[in-house]
Amino acid sequence: MEEENPRGWIHGDETAKVMLSRVLTERPFLFLPPLHRVPLRVGNVVEIAGPSPSAKSQILLHAAVRCILPEEWKGIRFGGLKRMVMYFDLDCRFDVLRLSQMLKHRIMEAYRSANSTYWKEKGEYQKNDATTTNMYLCDDELFLDCMRRFLYIRCYNSFEFLAALKAMHSHSQRESEALGVSVHFLMIDSIGAFYWMDRACQPIPIGGSKRKNVSHQSLAEAVVQEICKLLQMQPVLVLATKATIFGAGTSANDAQRAFGKWCSEGKMDSRTSSRDGEKLMFREYMPSSWQSFVTHRVRLQALDEIIPDGEYGTLLTYTSQWVQPPLNIKDKFAVRDDGIFLIT
């Protein structure tokens with residue numbers, strides 16, 4: 001096999017401008033907990049699996065808020081990406097008031113922090129001041145600017161979902177030209193919403209008896225193909241939630257293998273106390289086309305523990321663990337309007 005010429009590799013035809021543009025575009029998005037353990041880039045497909053409730057949708061919303069917020073607005077730092085989010089609501093349980101509440105809370109917290117810093121530099125602290133009033137008047141303008149970058153699509157069956165995916169590239173291009181920013185996230189909540197409905201239905205012949213029947217497997221394959229086409233034309237980071245199924249659906253062989261795995265992982269570095277409920281087995285129900293398409297998997301679980309919080313009263317707690325790639329660390333976290341934080 002002929003060796004590569006080092007000079008040919010070093011002296012490429014890529015200019016510094018093109019290289020910087022590519023590197024800055026492909027740099028990993030720094031997620032907040034619990035998705036902070038693995039660097040995620042555009043082109044990755046992340047499956048967030050867990051029973052209901054386990055904060056799956058909350059994680060999507062917090063990631064969306066950080067994405068649509070700007071890096072800086074009128075001298076105030078927000079630390080966002082100022083990019084668009086395309087959110088597919090397949091469960092039909094999306095709460096726009098919850099998204100609005102999270103976004104407004106993040107905006108007001110940034111204003112409060114900036115105001116506190118301003119008066120500390122002046123050597124005093126005042127809450128009622130013309131400067132403070134002017135800062136808070138920016139709230140509605142920034143809120144509307146952020147919400148324009150959140151593209152929401154609701155689907156009621158797999159055929160609507162497939163049709164929306166086919167039209168997504170042209171739709172996102174129009175929005176990108178209008179807003180001057182590109183799509184960074186494709187969020188699906190949740191990917192298995194129509195699986196049982198599709199499986200219960202008989203295969204449907206499309207276009208006459210000579211056409212191939214449409215089954216739930218072929219629908220899943222078509223969905224994966226459309227997302228693949230999108231990733232080729234417009235690289236995005238895919239985040240998809242999935243409800244897990246525990247208990248009776250697991251076969252005896254699966255249970256034996258899993259039991260041995262749990263025993264062998266008894267020395268695992270866990271950030272939370274072990275519970276019998278966390279060892280319940282889950283059964284994979286998505287078709288193999290989706291399973292092989294996913295590049296990263298994280299599993300969530302709700303805990304019985306409730307912690308006190310001064311502003312919110314009490315907070316529910318959850319655990320997260322990376323399954324793909326496998327990490328021997330289990331994080332414990334809670335969710336608030338201002339973000340998701342780890343519990344040590």
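Predicted model: local features only at pLDDT ≥ 70, side-chain atom pairs only at ≥ 80, totals over all residues.
Two residues are in contact when heavy atoms lie within 4.5 Å. Residues are numbered from 1 along each chain as its sequence is written, and side-chain values use heavy atoms, with hydrogens and water left out.

The protein contains 11 helices and 16 strands. Here helices (H or I, at least four residues) and strands (E, at least two) are DSSP runs, numbered from the N terminus. Of the 344 residues, 44% are buried; the word buried denotes a relative accessible area under 20%, exposed denotes over 50%, and partly exposed covers what lies in between (1.4 Å probe, protein chains only). Among contacts with a separation of 6 or more, 74% are between residues 24 or more positions apart. The protein exposes about 19200 Å², and carbon and sulfur atoms supply 53% of that area. Accessible areas come from the Shrake-Rupley method with a 1.4 Å probe, and for residues only the protein chains shown count as cover.

The interior may be considered next. In soluble globular proteins, nonpolar side chains tend to be buried together. A nonpolar core is a set of buried Ala, Val, Leu, Ile, Met, Phe, Trp, Tyr and Cys residues joined through side-chain atoms within 4.5 Å. The largest such core has 44 residues, and Phe 78, Phe 185 and Met 187 have the most contacts inside it. Helix 3 (residues 56–68) gives this core its largest share, 8 residues. A second, separate core of 34 residues includes Met 84, Phe 88, Leu 162 and Val 238.

Where does Phe 88 lie? Phe 88 is found in strand 4 (residues 84–89). Phe 88 counts as buried because its relative accessible area is 0%. Leaving aside neighbours within four places in sequence, Phe 88 is in contact with residues including Ile 153, Cys 155, Phe 161, Leu 186 and Met 187. Phe 88 and Met 187 are 99 residues apart along the chain, yet their C-alpha atoms are separated by 6.0 Å.

Two peptide bonds deserve attention. A cis peptide bond joins Asp 189 and Ser 190, with omega about -5°. Ser 190 is placed in the loop between strand 6 (183–189) and helix 8, and Ser 190 counts as buried because its relative accessibility is 5%. Beyond four places in sequence, Ser 190 is in contact with Leu 90, Asp 91, Thr 241 and Lys 242. A cis peptide bond also joins Ser 52 and Pro 53, where omega is about 0°. Pro 53 is in the loop between strand 1 (45–50) and helix 3. Ala 55 is found in the loop between strand 1 and helix 3 and has a positive phi of about 70° although it is not a glycine.

Empty space is the next topic. Rolling a probe the size of a water molecule over the atoms shows where empty space is left. On a 1 Å grid over the protein atoms alone, a cavity is a set of points where a 1.4 Å probe fits but cannot get out, whereas a pocket is an open set with protein on both sides within 12 Å along at least five of seven lines; lining residues have an atom within 4 Å of a point. Grid points are joined across faces, edges and corners, and a volume is the space filled by probe spheres set on the points.

The largest pocket holds about 630 Å³ of space. Its lining consists of 29 residues, of which Ser 52, Pro 53, Ala 55, Lys 56 and Ser 57 lie nearest its centre. Helix 3, strand 9 (237–243) and strand 14 (313–324) are the elements that give two or more residues to this lining. By class, the lining of the largest pocket has 15 nonpolar, 8 polar and 6 charged residues. In this grouping Ala, Val, Leu, Ile, Met, Phe, Trp, Tyr, Cys and Pro count as nonpolar, Asp, Glu, Lys and Arg as charged, and the others, Gly among them, as polar.

How many cavities of 30 Å³ or more are there? The count comes to 3. The largest cavity has a volume of about 190 Å³, and the largest share of its lining, 5 residues, comes from helix 9. Its lining residues divide into 12 nonpolar, 2 polar and 1 charged.
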